[in-house]
Every structure is written in C-alpha cells, then in structure tokens.
Amino acid sequence: MTMEAGGRFIVAMSGAARLVSDDEPLYVISVAAEMAGMHPQTLRQYDRLGLVSPRRTPGGGRRYSLREVELLREVQRLSQEDGVNLVGIKRILALEAEVHALRQQLELLTGAVHEPADYLPVPAFTSALAVYRSRYVTGD
C-alpha cells in the first residue's frame, strides 16, 4: 500500500491497483484488528459502544476503512497511555468530530466571504454623515 497525495492510497486487488479514499470500507474485522494491534472481540465491543462503528455489508459483516483503523489506534492510545475510560473516549471522539465539522463549516463560510464576485469591499467608518434630500423640495 502506497500513500498518495490528498489522503488517498493505492490498494492492489487481484493483480490490479486502484485509487481509493481512506474512508472506503475495505478491511474485514480480522484484518482491521491486526492492523490496529487489537483482538477482533475488542473491535466488536467498540462497535457496540459506538466508539468506532464500521459500515456493514448486505450480509451484516463489518468493513473498516483506513480512517477507522487509525481511529481504533487512537482509542487504544487514549485508553492505555492516557488512562481515559471508554465513556471518556467516546466523549472526546464526539467533541473532536464536532470541532472538525465546525472547522469545515467555517472554511466554507470564510471561502464564500472572500469570493470577489460576491461583494464589493466597503471601508469601515467609525462615524458617518447621512444627508437626506426630498425629491419634493420647492425653491430649488
């Protein structure tokens, strides 16, 4: 497996290589568990608890993406190295996902604001003078 630019990698399948996203569900539970350095039963427990929930095949089998394998490693690190319990890890992961979504939304909004076709820049004033002139003024 070779990492490509843009978070993509090449997977050799049946002698052919193809470009896939790191979110594509590719790995069965035994392979994902080996990649994460865990027992498959641990992955099942994490799925039941909602920590890392892989996608399912039509037959109900779990399929993990590379991103989910990395998330499994992060769960293991938080648990073993930092001593965080599973409820705490679930909360940390939820907050990190929320921060990620908010950052994406902010990038979208700031990108829309910076589009030159969308607006004309107006200088900021600390005070302003407004003059009103009626069209019906007599004596002009």
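**The largest pocket**

Q: Which residues line the largest pocket?
A: The largest pocket is lined by L51, R67, E68, L71, L93, E96, A97 and H100. Two elements, α3 (66-80) and α4 (86-113), each give two or more residues to that lining. This is a predicted model, where local features need pLDDT of at least 70 and side-chain atom pairs count only at pLDDT 80 or more, while totals for chains, interfaces and linings use all residues. Residues are numbered from 1 along each chain as its sequence is written, and side-chain values use heavy atoms, with hydrogens and water left out.

Q: Which element gives the largest share of the lining?
A: That is α4, with four residues.

Q: And what counts as a pocket here?
A: On a 1 Å grid over the protein atoms alone, a pocket is an open set of points where a 1.4 Å probe fits, with protein on both sides within 12 Å along at least five of seven lines; lining residues have an atom within 4 Å of a point.

Q: How much space lies in the largest pocket?
A: About 340 Å³. The volume is the space filled by probe spheres set on the grid points, which are joined across faces, edges and corners.

Q: What classes of residue are in its lining?
A: There are four nonpolar, one polar and three charged residues. Ala, Val, Leu, Ile, Met, Phe, Trp, Tyr, Cys and Pro count as nonpolar, Asp, Glu, Lys and Arg as charged, and the others, Gly among them, as polar.

Q: Let's zoom out. How many helices and strands does the chain have?
A: The protein chain has four helices and five strands, in the order β-β-β-α-α-β-β-α-α along the sequence. Both are DSSP runs numbered from the N terminus: helices are H or I with at least four residues, strands E with at least two.

Q: How much of the chain is buried?
A: Of its 140 residues, 20% count as buried. Buried means under 20% relative accessible area, exposed over 50%, and partly exposed in between (1.4 Å probe, protein chains only).

Q: Now α1. Which of its residues are buried?
A: They are I29, A32, A33 and A36. Down the axis of α1, these buried residues fall within an arc of 100°, so they line one face of the helix. The arc is that of the directions from the helix axis to the C-beta atoms.

Q: What do they pack against?
A: The buried residues of α1 pack against α2 (40-49), β5 (62-63) and α3.

Q: Can you tell me about A36? What is it in contact with?
A: A36 is in helix α1 (residues 29-36) and has a relative accessible area of 6%. Leaving aside neighbours within four places in sequence, A36 is in contact (heavy atoms within 4.5 Å) with V69, L72, R73 and Q76. A36 and R73 are 37 residues apart along the chain, and their C-alpha atoms are separated by 5.5 Å.

Q: What follows α1?
A: G37 does, with a positive phi near 75°. In the loop between α1 and α2 you'll also find H39.

Q: Is H39 buried or exposed?
A: H39 counts as exposed, at 52% relative accessibility.

Q: Last one: which residues are buried in α2?
A: L43, Y46 and D47 are. Seen down the axis of α2, its buried residues lie within an arc of 100°, so they line one face of the helix. Just after α2, G50 has a positive phi of about 80°.
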